[in-house]
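Dear colleague,

I am handing over the structure below, and my notes on it follow. Please read them with the model open beside you.

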Amino acid sequence: MYAVIKTGGKQYRVAPGEKLKIEQIPADIGSEIVLDQILMVADGEAVTVGTPLVSGATVKATVVAHGRGDKVQIFKMRRRKHYQKHQGHRQNYTEIRIDGITAQ
């Protein structure tokens, strides 16, 4: 069984037992969260696709950790103009473990 969820402006394919890094959400470590924006649920041959969301479907997950991703270097340059700009960015994330998928 798996589902396609939407969180943080991105879509993820999740299955029970998987760990996943998503955009940071305000939740304590160890707390259980419920993701309700489910785009698709598949259980063997039975596939339910939402228009745009599957009504009544939820994914339960546990917050494992919070952290910051690897640094991304941004370098802008205009040739022959004596312009260079260096910048770095580290995105915050929340790591979750998928506990279960329910589809109604």
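His82 counts as exposed, since its relative accessibility is 83%, where the cut-off for that word is over 50%. This is a predicted model, and what follows should be read with that in mind. His82 lies in the loop between β8 and β9, and its phi is positive, at about 60 degrees, although the residue is not a glycine. Arg80 has its place in the loop between β8 (72-78) and β9 (83-89) as well, and there too phi is positive in a residue other than glycine, with a value near 65 degrees. With a relative accessibility of 70%, Arg80 counts as exposed.

Another backbone feature to look at is the peptide bond from Thr51 to Pro52, which is cis, with omega near -5 degrees. Pro52 is found in the loop between β6 (46-49) and β7.

As for the chain as a whole, it has 10 strands and 0 helices, so that the order of elements from the N terminus on is simply β-β-β-β-β-β-β-β-β-β. The radius of gyration is 18 Å, well over the 13 Å that the globule rule gives for 104 residues, and the chain is therefore more spread out than a compact globule. Along its principal axes, the C-alpha trace spans about 60 × 30 × 20 Å. Of the 104 residues, 31% count as buried, and the accessible surface comes to about 7,200 Å², with 48% of it belonging to carbon and sulfur atoms. Among the contacts with a separation of 6 or more, 63% are made by residues 24 or more positions apart.

The charges deserve a separate word: there are 16 positive and 10 negative side chains, and the centres of the two sets lie 21 Å apart.

Is Leu20, for its part, buried or exposed? Leu20 is buried, because its relative accessible area is 15%, under the 20% cut-off. Leu20 is found in strand β3, and, leaving aside neighbours within four places in sequence, it is in contact with Tyr12, Val14, Thr94, Glu95 and Ile96. Between Leu20 and Gly56, which are 36 residues apart in sequence, the C-alpha to C-alpha separation is 23 Å.

Lastly, Asn92 has its place in strand β10 and counts as partly exposed, at 29% relative accessibility. Once neighbours within four places in sequence are left aside, the contacts of Asn92 are with Glu23, Gln24, Gly67 and Arg68. Arg78 is 14 residues away from Asn92 along the chain, and the C-alpha atoms of the two are separated by 30 Å.

How values were computed: Residues are numbered from 1 along each chain as its sequence is written. This is a predicted model: local features need pLDDT of at least 70, side-chain atom pairs count only at pLDDT 80 or more; totals for chains, interfaces and linings use all residues. Side-chain values use heavy atoms; hydrogens and water are left out. Helices (H or I, at least four residues) and strands (E, at least two) are DSSP runs, numbered from the N terminus. The radius of gyration is taken over C-alpha atoms; the globule rule is 2.2 Å times the number of residues to the power 0.38. Buried means under 20% relative accessible area, exposed over 50%, partly exposed in between (1.4 Å probe, protein chains only). Contact means heavy atoms within 4.5 Å. Accessible areas come from the Shrake-Rupley method with a 1.4 Å probe; for residues, only the protein chains shown count as cover. Lys and Arg count as positive and Asp and Glu as negative; His and the chain ends are not counted. The place of a charge is taken as NZ of Lys, CZ of Arg, CG of Asp or CD of Glu.
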